[in-house]
Amino acid sequence: MIEERAATERRAHDQRLASLDFALSPFTIAWEVTRACAFACRHCRAEAQPRRDPRELTSDEAVRLIDQIRSSAVRSSW
Ligand code: SF4
């Protein structure tokens, strides 16, 4: 019963995804807001550094980026 419901929900999810145009609106956004980190883990793939990079977005720039992302969002019933 649970597997049947999960399969039904998965099909509905896949149909919704198929109806979206990802050229107009991204499906997912990854944003690493800073490379600054007080640690120095050997496994870190972020090449962390103790201070923020001067090229990082300012708070105002970050807010504007978030506004741009929000304005590009597809309105849906999800
Ligand atoms: S993995 Fe990288 S970012 Fe995470 S705590 Fe370690 S050094 Fe910092």
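Is Asp67 buried, partly exposed or exposed? In this predicted model, Asp67 has a relative accessibility of 35% and therefore counts as partly exposed; the legends below begin with this residue.

**View 1. A salt bridge between Arg70 and Asp67 in helix H2.** The side chain of Arg70 forms a salt bridge with Asp67, and the closest N and O atoms of the two residues are 3.0 Å apart. Both residues belong to helix H2, where a spacing of 3 residues, about one turn of the helix, separates Arg70 from Asp67. Whereas Asp67 is partly exposed at 35% relative accessibility, Arg70 is exposed, with a relative accessible area of 55%.

**View 2. A salt bridge between Arg10 and Asp14 in helix H1.** Here the side chains of Arg10 and Asp14 meet at an N to O distance of 3.1 Å, and both residues lie in helix H1, 4 residues apart, which is about one turn of the helix. Asp14 counts as partly exposed, its relative accessibility being 34%. Between Asp14 and Ala48 the C-alpha to C-alpha distance is 37 Å, with 34 residues separating the two in sequence.

**View 3. A salt bridge between Glu32 and Arg45 within the loop between H1 and H2.** The side chains of Glu32 and Arg45 meet in a salt bridge with an N to O distance of 2.0 Å. Both Glu32 and Arg45 lie in the loop between H1 and H2, so the pair ties together parts that are 13 residues apart in sequence. Arg45 is exposed, with a relative accessible area of 61%.

**View 4. The contacts of the Glu56 side chain with Thr34 and Arg35.** Glu56 lies in the loop between H1 and H2, and because its relative accessibility is 14%, under the 20% cut-off, Glu56 counts as buried. The side chain of Glu56 makes a polar contact of 2.9 Å with the side chain of Thr34, while a polar atom of the Glu56 side chain also lies 3.0 Å from the backbone nitrogen of Arg35.

**View 5. A nonpolar surface patch that includes Leu57.** With a relative accessible area of 38%, Leu57 is partly exposed.

**View 6. The residues around the ligand.** The shell around the ligand is made up of Cys37, Phe39, Cys41, His43, Cys44 and Ala48. By residue class this shell divides into 5 nonpolar residues and 1 polar residue, with no charged residue.

**View 7. The positive phi of Glu47.** Most residues other than glycine have a negative phi. Glu47, however, has a phi near 50°, which is a positive value in a residue other than glycine. Glu47 has its place in the loop between H1 and H2 and is exposed, with a relative accessible area of 59%.

Definitions and conventions. Residues numbered from 1 in each chain as written. Predicted model: local features only at pLDDT ≥ 70, side-chain atom pairs only at ≥ 80, totals over all residues. Heavy atoms only, no water. Near = heavy atom within 4 Å. Nonpolar A, V, L, I, M, F, W, Y, C, P; charged D, E, K, R; others polar. Patch = residues over 30% accessible without salt bridge, like charges linked within 9 Å, V, L, I, M, F, W, Y side chains within 5 Å. Areas by Shrake-Rupley, 256 points an atom, 1.4 Å probe, with all protein chains shown as cover. Salt bridge = Lys/Arg side-chain N within 4 Å of Asp/Glu carboxyl O. Buried < 20%, exposed > 50% of the residue type's maximum accessible area, 1.4 Å probe, protein only. Helix = DSSP H or I, 4+ residues; strand = E, 2+ residues; numbered from the N terminus. Polar contact = N/O pair within 3.5 Å; in protein donor to acceptor, adjacent residues only side chain to side chain.
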